[in-house]
Amino acid sequence: MSALPEAEETYRRMAYDTFARDLKLGFNLGFCRTFAVPEIARVLAATGRMTQHTRVRAKATGAMMYGLFEHGLDSEHGTETIAALDRLHAPYAIGDDAFRYVLACFDLAPMRWCADHAWRAPTDAERAASHTLYLGLADRMGIPEVPATWREFEAWMTDYERAHFAATPEGRALWQATRGMLADRVPGVLGPLAGAAADSLLDDRARQAFGARRPPALVRGATRAALRTRAWRGRRART
């Protein structure tokens, strides 16, 4: 496994070059996935920011994380950002498992998305670099017992979702507030199909937790075709 500075440099290349668009979309999907955990959904909904000022809140979260990617965890900027994250979470009673799950969504969901939809799949070395970065973040935020490898973390994440995903009013409200932003990122799907296109980006377990219907076959097919075309164009641009 790479040392942290090397892992940060690898992740920086992925975030700003290799998978720039896809990593961001995967990160957004990973964040939305946390809404399916009742404990997390209650905290996010309680502030009102995610449902009433969705784009502002999402942009702020993205800016904090991408600032960590750009500057590094132990830079002055990184230290200040991690302290700010700790302050944001301090008022809430959040269990270690919930913190670990959020970390898993940020670490693993972008890599899964890139594997399925980017111009190429991440290598094992790139996945390991992502996990090393997030292990470093866990250490600095005091999140204990994160599995040592990304494969072990994936197994832990799957087990956690089976045990904890559940439909709640908060989770449904959070998904309804954010699905439009995801629809905006799906190429080739417009107008009244946009919301259903966002639903088609979810797997069945998350869709059930959000109370979202399985989109019609036409919408699912159009979304898949648009994503395949985007990946093909990405490969052509790099050859």
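Modeller: E145 counts as exposed because its relative accessibility is 68%. E145 sits in the loop between α8 and α9. Helices here are DSSP runs of H or I with at least four residues, strands are runs of E with at least two, and numbering starts at the N terminus. The backbone at E145 has a positive phi, near 60 degrees, and E145 is not a glycine.

Before going further, some ground rules. The model is predicted, so to speak of local features takes a pLDDT of at least 70 and to count side-chain atom pairs takes 80 or more, while totals for chains, interfaces and linings use all residues. Residue numbers run from 1 along each chain as its sequence is written, and side-chain values use heavy atoms, with hydrogens and water left out.

F153 and W156 both lie in α9. They are 3 residues apart, about one turn of the helix. An α-helix has 3.6 residues a turn, so residues three or four places apart point the same way. F153 counts as buried because its relative accessible area is 0%.

The whole structure holds 15 aromatic pairs. A pair means that ring centres of Phe, Tyr or Trp (its six-membered ring) lie within 6.5 Å; planes under 30 degrees apart are stacked, over 60 edge-to-face, and the rest tilted. Y66 and F69 make an edge-to-face pair, with 4.9 Å between centres and 65 degrees between planes. Both belong to helix α5, residues 54-71, again 3 residues apart and about one turn of the helix. Y66 is buried because its relative accessibility is 12%. F69 is buried as well, at 4%.

E70 is partly exposed because its relative accessible area is 44%. Leaving out residues up to four places away, E70 touches R12 and Y16; contact means heavy atoms within 4.5 Å.

What does T81 touch, leaving aside its neighbours within four places in sequence? T81 is in contact with M64 and L68. T81 itself lies in helix α6, residues 76-89. T81 is buried because its relative accessible area is 7%.

A41 lies in helix α3, residues 38-47. A41 counts as buried because its relative accessibility is 0%. A41 and E170 are 129 residues apart in sequence, yet 5.6 Å apart in space, C-alpha to C-alpha. Not counting residues up to four places away, A41 touches T34, F35, T168, E170, G171 and L174.

Finally, the whole chain. The protein has 13 helices and 0 strands. The radius of gyration is 17 Å, close to the 18 Å that the globule rule gives for 239 residues, so the protein is as compact as a globular protein of that length. That radius is taken over C-alpha atoms, and the rule is 2.2 Å times the number of residues to the power 0.38. The C-alpha atoms fill a box of roughly 45 × 45 × 30 Å along the principal axes. Buried residues make up 49% of the 239. Among contacts between residues at least 6 apart in sequence, 74% join residues at least 24 apart.

Technical notes: Buried means under 20% relative accessible area, exposed over 50%, partly exposed in between (1.4 Å probe, protein chains only).
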